[in-house]
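Me: Hi! Could you walk me through this model? Let's start with the aromatic rings.

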Amino acid sequence: MTAVRKSATVSCPFCSTLNRVDLGRAGSGPKCGKCGKPLRLDRPLAVTDRDFERVVEGSDVPVLVDFHADWCGPCKIMAPTIDQVAHDRMGEVLVVKLDTDRNPQTSMRFNIRGIPCLIVFSDGREAGREVGAVPRQRIDALLDAALAGR
């Protein structure tokens, strides 16, 4: 029986280069192919209008996108929970954050009307959505449903 390779495309937080990362080896500290700095997959990674599609469509695992804004109180309340999801489910899912103020094209494309808005993408398509501050159990249920549908 051969292991199923799970990989994702992520943007380097230092030089913005897109990197293909083997999620099975996420714990061993992947590095950017251009600048050599660490790609920390145990925390949410920032995405932008420019790289959103490549990151979401370039993933073999579900991608949880946190649509947020710096000024949003409920977004700030949710941030530690989103951080913990990224840590606990590293290698199983990819967690990214998109600032809706700085990235209006993607926000409009997905009809984001309230934040925080969590959308799970599976195979590049929306698989589920939660709007507002939600408990961790609802986030896990969203991710589990996306994993079960693969």
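Reply: Happy to! Ring pairs link Phe 52, Phe 67, Phe 110 and Phe 121 into a cluster. Rings of Phe, Tyr and Trp (its six-membered ring) count as a pair if their centres lie within 6.5 Å; planes under 30 degrees apart are stacked, over 60 edge-to-face, and the rest tilted. This is a predicted model, so local features need pLDDT of at least 70 and side-chain atom pairs count only at pLDDT 80 or more, while totals for chains, interfaces and linings use all residues. Residues are numbered from 1 along each chain as its sequence is written, and side-chain values use heavy atoms, with hydrogens and water left out.

Me: How many aromatic pairs does the count come to by this rule?

Reply: The count comes to 5 aromatic pairs. One of them is Phe 52 with Phe 121, an edge-to-face pair at 5.7 Å centre to centre with 80° between the planes. Phe 52 lies in helix H1 (residues 52-57) and Phe 121 in strand E6, so this pair ties together parts that are 69 residues apart in sequence. Helices (H or I, at least four residues) and strands (E, at least two) are DSSP runs, numbered from the N terminus.

Me: Phe 52, buried or exposed?

Reply: Phe 52 is buried, with a relative accessible area of 3%. Phe 121 counts as buried too, at 1% relative accessibility. The cut-offs are under 20% relative accessible area for buried, over 50% for exposed, and partly exposed in between (1.4 Å probe, protein chains only).

Me: And why is the pair of Phe 110 and Phe 121 edge-to-face?

Reply: The ring centres of Phe 110 and Phe 121 are 5.1 Å apart and the planes stand at 75°, so the pair is edge-to-face. Phe 110 sits in the loop between helix H3 (104-109) and E6, and Phe 121 in strand E6, 11 residues apart. Phe 110 is buried, at a relative accessible area of 14%.

Me: OK, on to the sheet. In what order do the 5 strands form it?

Reply: The order is E3-E5-E4-E6-E7, in an open sheet with mixed pairing. Strand E3 (45-47) and strand E7 (125-131) stand at the edges with a single partner strand each, so one side of each has no neighbour in the sheet. From one strand to the next, the twist averages 30°. Two strands pair here if DSSP finds at least two bridges between them.

Me: In what sense do E4 and E5 pair?

Reply: Strand E4 (residues 63-68) and strand E5 (residues 94-99) are parallel, paired over 6 bridges. Val 63 stands opposite Leu 94 in E5, and Asp 66 has Lys 97 as its bridge partner in E5.

Me: Which helices pack there?

Reply: Helix H2 (residues 73-88) lies across E4, E5 and strand E6 (117-122), and runs at about 155° to E5. Helix H4 (residues 136-148) packs on the sheet as well, touching E4, E6 and E7, with its direction at about 15° to that of E6. Axes are lines fitted to C-alpha atoms, for helices over the stretch in contact, and angles run from 0 to 180 degrees between N-to-C directions. Contact means heavy atoms within 4.5 Å.

Me: How many residues of E4 are buried?

Reply: 6 of its 6 residues are buried.

Me: Which face of E2 is covered?

Reply: In strand E2 (residues 18-22), the covered face has Asn 19 and Val 21, while Leu 18, Arg 20 and Asp 22 are on the uncovered one. E2 runs antiparallel to strand E1 (residues 7-11), joined by 5 bridges, and Ser 7 stands opposite Asp 22. The hairpin of E1 and E2 has 6 residues between the strands, where Ser 16 takes a positive phi near 65°.
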